[in-house]
Amino acid sequence: MTSSKQRREVQGQPTLSNEALYIGIDIGKFKHVAGFLSKTLLERHKHFDHCPAFTFEQSREGFRAFVERIQAYCPLEQCFILMEQTGHYHQSLLQYLLELDLPVFVIHIQRRQEGMVKTDKRDALGLANQLYTQLELGAQVANTLQAIRRALPPSEAAAQLKGLVRHRYELVNEATQRKNKLTAICDELFPEFTQVFKDPNAALALDLREHFPTPSAIAAATSVELRTVRRRNHPSEAQFVQIQQLARQSIGTKDTARQDSLIVEQTLLIQELRHLQNHLEQLEEKIGQIVEKSREGQILTSIPPIGPLFAASIIATIGSIGNFEDAAHLKSYFGWAPIRTQTGVSFDRTRLTRAGSREMKKVMFLVAWKAIQMDTEWAKLYKRLVPRLCFYDERMQAYKGKGKALGHIIGRLITLIFALLKKDYELLNKLSPGAEPPPLTLYDPELHHRHRTGHYSPLRKEGPKNRIVQHSS
């Protein structure tokens, strides 16, 4: 809640009824600081560092106090707000402001100048100044990380999938950790086990390891006892005979104390892994249902290499395709924007930017890799690009640097994703309330083939161009 001193300051401030108010917010864990800047305030205080600021709590009451403070300066329609994307701490405030239909902009976390004293007020006013210079003065920035962009609320599907996709990512990492530990235990207890079961963490292998945790237990088991872990005809009788022979001659640890410790750890890890896998199945089923029902999901899954899980990651990462002006911005956000360093003719290098979403870098790499393995237009394009972009190694009898061709495919895929989603987004925005949504524009392999053979037809139909007609006098 505002203090009596703050209330007196609010009452004493003149209303900026005829000009825009630019607000920068320094995000904190428990409190936020807002800096206010306008043409009048800048003239009055001479420098943006001296303009007023306001501290409010990360709570519903604090958010209301912040909005009341804005209204003391100007109507809400005249304010523009900028905040940094700082983990999850800004999400609650961002959602609250978007619900009020306030124009909110976001920016990457800014690096502070060396030698300057760090204060929350200075950071907030610095953001307000960036917003002022880019919107009011139209200043351009050389560093794209300093460019602001309008924050639009995510689509319904993106809002649902964001948390689910992130949780699935965490569960997959945890399951991988358990598998790595189980593999290490297998290598110590029974290293010959993988001669029969290539994957020691497969369902059948885990059943066998759980029932017969040591080589001596497997060697002493009867054929009837071993068959209790069979699923249909697997493992076969020959595999049972082989695993028992290997168990009798195993070089695994014979230390009884160490075996007891490994058995307890292995049993608990198997239970944990099954629990995680069960949660993953439930999560993936829910994700698949959301993707199947959403318009974005149907568009993305119409592209051959993109399945429901890949589509869910893309939708959750994008949020709203309206946040991106063109395909180049989406590529940069996905982390697939090339950086070229060139001077004269002696040095010319191209590499990927380190910025962007790490998860989407992996997703798009897997999507493109899957695409070139299938019978798709992407695979045909990849085969044509490899001889052009890659160096042929005579000694190895193979092309080197195929990542260039694969990166080109990824760029084309992101451009296609942007074009299809953007077209659908613009069509939906033109609808009047309650109107029936238009049919989806899905990926068409035949149309793609015609594009590649020279019969290009843009998704956006341009109007008739101006023509110069010469009239005879």
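The model is predicted, so local features need pLDDT of at least 70 and side-chain atom pairs count only at pLDDT 80 or more, while totals for chains, interfaces and linings use all residues. Residues are numbered from 1 along each chain as its sequence is written, and side-chain values use heavy atoms, with hydrogens and water left out. The protein chain has 18 helices and 10 strands; helices (H or I, at least four residues) and strands (E, at least two) are DSSP runs, numbered from the N terminus.

**Overall**

- Of the 473 residues in the protein chain, 38% are buried; buried means under 20% relative accessible area, exposed over 50%, and partly exposed in between, with a 1.4 Å probe and protein chains only.
- Among contacts between residues at least 6 apart in sequence, 65% join residues at least 24 apart; a contact means heavy atoms within 4.5 Å.

**The six-stranded sheet**

- Six strands form an open sheet with mixed pairing, in the order S3-S2-S1-S4-S5-S6; two strands pair if DSSP finds at least two bridges between them.
- Strands S3 and S6 (149–150) are the edge strands, each pairing on one side only.
- Strand S1 (residues 21–26) pairs with S2 in the antiparallel sense over five bridges, and a hairpin of four residues joins S1 to S2.
- In this pairing, aspartate 26 stands opposite valine 33 in S2.
- S2 also pairs with strand S3 (residues 53–57), in the antiparallel sense and over five bridges.
- Here glycine 35 is opposite alanine 53 in S3, and histidine 32 is opposite phenylalanine 56 in S3.
- Strand S2 (residues 31–37) is mostly covered, with six of its seven residues buried.
- Helix H4 (residues 91–99) lies across S1, S2, S3, strand S4 (79–84) and strand S5 (104–107), and runs at about 160° to S4; axes are lines fitted to C-alpha atoms, for helices over the stretch in contact, and angles run from 0 to 180 degrees between N-to-C directions.

**Glutamate 84**

- Glutamate 84 is found in strand S4 and is buried, with a relative accessible area of 11%.
- Leaving aside neighbours within four places in sequence, glutamate 84 is in contact with Ile25, Ile27, His90, Ile107, His108, Ile109, Gln110 and Leu127.

**Helix H5**

- Helix H5 (residues 120–136) has 17 residues and reaches 23 Å from its first C-alpha to its last, close to the 24 Å expected at 1.5 Å a residue; the expected span is 1.5 Å times one less than the number of residues.
- The buried residues of H5 include Asp123, Leu127, Asn129, Leu131 and Tyr132.
- S1, S2, helix H2 (39–45), S4 and S5 are included in what covers the buried residues of H5.

**Helix H16**

- Helix H16 (residues 377–389) has 13 residues, and its reach of 18 Å from first C-alpha to last is close to the 18 Å expected at 1.5 Å a residue.
- Glu377, Trp378, Ala379, Leu381, Tyr382, Leu385 and Val386 are buried in H16.
- The cover over these residues includes helix H15 (358–373), strand S10 (398–400), helix H17 (403–429) and helix H18 (445–452).

**Nonpolar cores**

- The largest nonpolar core has 61 residues, and those with the most contacts inside it are Leu161, Ile303, Ile314, Phe334 and Met364; such a core is a set of buried Ala, Val, Leu, Ile, Met, Phe, Trp, Tyr and Cys residues joined through side-chain atoms within 4.5 Å.
- At least two residues of this core come from each of helix H6 (156–189), helix H11 (256–293), helix H12 (295–301), helix H13 (308–318), helix H14 (327–334), H15, H16 and H17.
- H17 gives the most to this core, with 11 residues.
- Apart from this core lies another, of 43 residues, among them Ile27, Cys74, Leu94 and Ile148.
- Not counting residues up to four places away in sequence, isoleucine 314 touches Leu300, Ile306, Phe334, Met360, Val363, Met364 and Ile417.

**Packing of H6 and H13**

- H6 and H13 pack at an angle of about 115°, with their axes 8 Å apart.
- The contact is made by Ala157, Ala158, Leu161, Lys162, Val165 and Arg168 of H6 and by Leu309, Ala312, Ser313, Ile315 and Ala316 of H13.
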